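Good morning, and thank you for joining this group meeting. Please bring up the structure on your screens, and we shall go through it together.

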Amino acid sequence: MTLTLRPHRARSAGALAAAAAFLLAVGSPAQAAPVTLTSGHVDALDVDYASGALTLDLLDETTGTAVDRTPSDVILSVPVAAKRTNVPSTAPWSFLGTGGTAWILPQSQAGGLLWAGWNTTGVPSGTFQNDKLTFSLTGVSGPAGFSVYTASGSTPTVLFDSGDGLPDSLSVSTGAHTHANWGFDAAGTYKVTFSVSGVLAATGQTVTTGAKTYTFQVTN
């Protein structure tokens with residue numbers, strides 16, 4: 001009996017491309033929709049240092065369970081309840097609002113609003129020179145200005161302000177847990193980019209979390 005071997009025929013480029021697309025679709029999980037946080041406690045800038053890495057994420061404590069989230073996976077809601085129409089017209093407040101109006105997530109906890117702050121308690125004492133880190137606001141994309149500030153009585157202390165040019169930097173102690181006011185000058189979507197860096201006490205090397213972008217949805 002004679003066996004005849006039939007030559008293998010090369011697949012067309014179109015067939016190969018279709019097969020590759022199918023395999024890619026099968027092997028790639030669908031991207032989950034962002035989680036929207038509407039009220040309660042969040043450490044928007046949650047900084048940790050472990051195994052030689054400085055990291056920046058978002059600590060979500062809006063429910064009974066604390067969850068570390070990647071900032072890009074979260075939408076932070078700023079509802080109409082955050083709208084203020086009585087922003088002072090005096091010079092110390094000139095960084096905030098348009099025509100006396102701003103949307104503010106306050107530094108004190110308020111029902112129906114996010115209580116946003118930052119946390120460096122996950123950084124061991126003595127790891128960084130002088131137990132200090134540098135928080136940097138490097139980019140803001142949105143309809144108007146963005147700011148972070150504290151207020152004692154009628155006097156604000158501006159920590160970050162996109163209106164006076166970026167980047168803005170703030171020295172923050174390790175072991176800190178702080179809340180502040182987060183201000184938005186108009187309704188719309190804001191993309192706000194932060195990074196955190198520090199100088200290691202043992203080696204003098206500067207390490208950084210890299211840039212992390214947060215999304216705020218401000219509602220009119």
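I shall speak about aromatic pairs and then about strand pairing.

Please keep in mind that this is a predicted model.

I begin with the aromatic rings. The count of aromatic pairs comes to 14. One of them is formed by Phe95 and Tyr149, whose ring centres are 5.2 Å apart. The planes of Phe95 and Tyr149 make an angle of 70°, and since the cut-off for edge-to-face is over 60 degrees, this pair is edge-to-face. Where do Phe95 and Tyr149 lie? Phe95 is in the loop between β6 and β7, while Tyr149 belongs to strand β10, so the pair ties together parts that are 54 residues apart in sequence. Are these two residues buried or exposed? Buried means under 20% relative accessible area. Phe95, at 11% relative accessibility, therefore counts as buried, and Tyr149, at 3%, counts as buried too.

A second example is the pair of Phe146 and Phe216, which is tilted, with 6.1 Å from centre to centre and 35° between the planes. This pair links distant parts of the chain: Phe146 sits in strand β10 and Phe216 in strand β17, 70 residues apart. Both Phe146 and Phe216 are buried. They also belong to one aromatic cluster, whose other members include Trp182, Tyr190 and Tyr214.

I turn now to the strands. Which strands make up the open sheet of five? Its order is β6-β7-β14-β10-β11, and the pairing is antiparallel. Strands β6 and β11 are the edges, as each pairs on one side only.

Strand β15, residues 188-199, deserves a separate look. Over seven bridges, β15 pairs in the antiparallel sense with strand β9, where Thr134 stands opposite Ser197 of β15. Seven bridges also join β15 to β17, again antiparallel.

Finally, β15 runs antiparallel to strand β16, and three bridges join them. Val199 has Thr206 in β16 as its bridge partner. The hairpin of β15 and β16 has six residues between the strands, and Gly204 in this hairpin takes a positive phi near 75°.

Thank you for your attention.

Note on methods
Residues numbered from 1 in each chain as written. Predicted model: local features only at pLDDT ≥ 70, side-chain atom pairs only at ≥ 80, totals over all residues. Heavy atoms only, no water. Phe/Tyr/Trp six-rings, centres within 6.5 Å; stacked < 30°, edge-to-face > 60°. Helix = DSSP H or I, 4+ residues; strand = E, 2+ residues; numbered from the N terminus. Buried < 20%, exposed > 50% of the residue type's maximum accessible area, 1.4 Å probe, protein only. Pairing = 2+ DSSP bridges.
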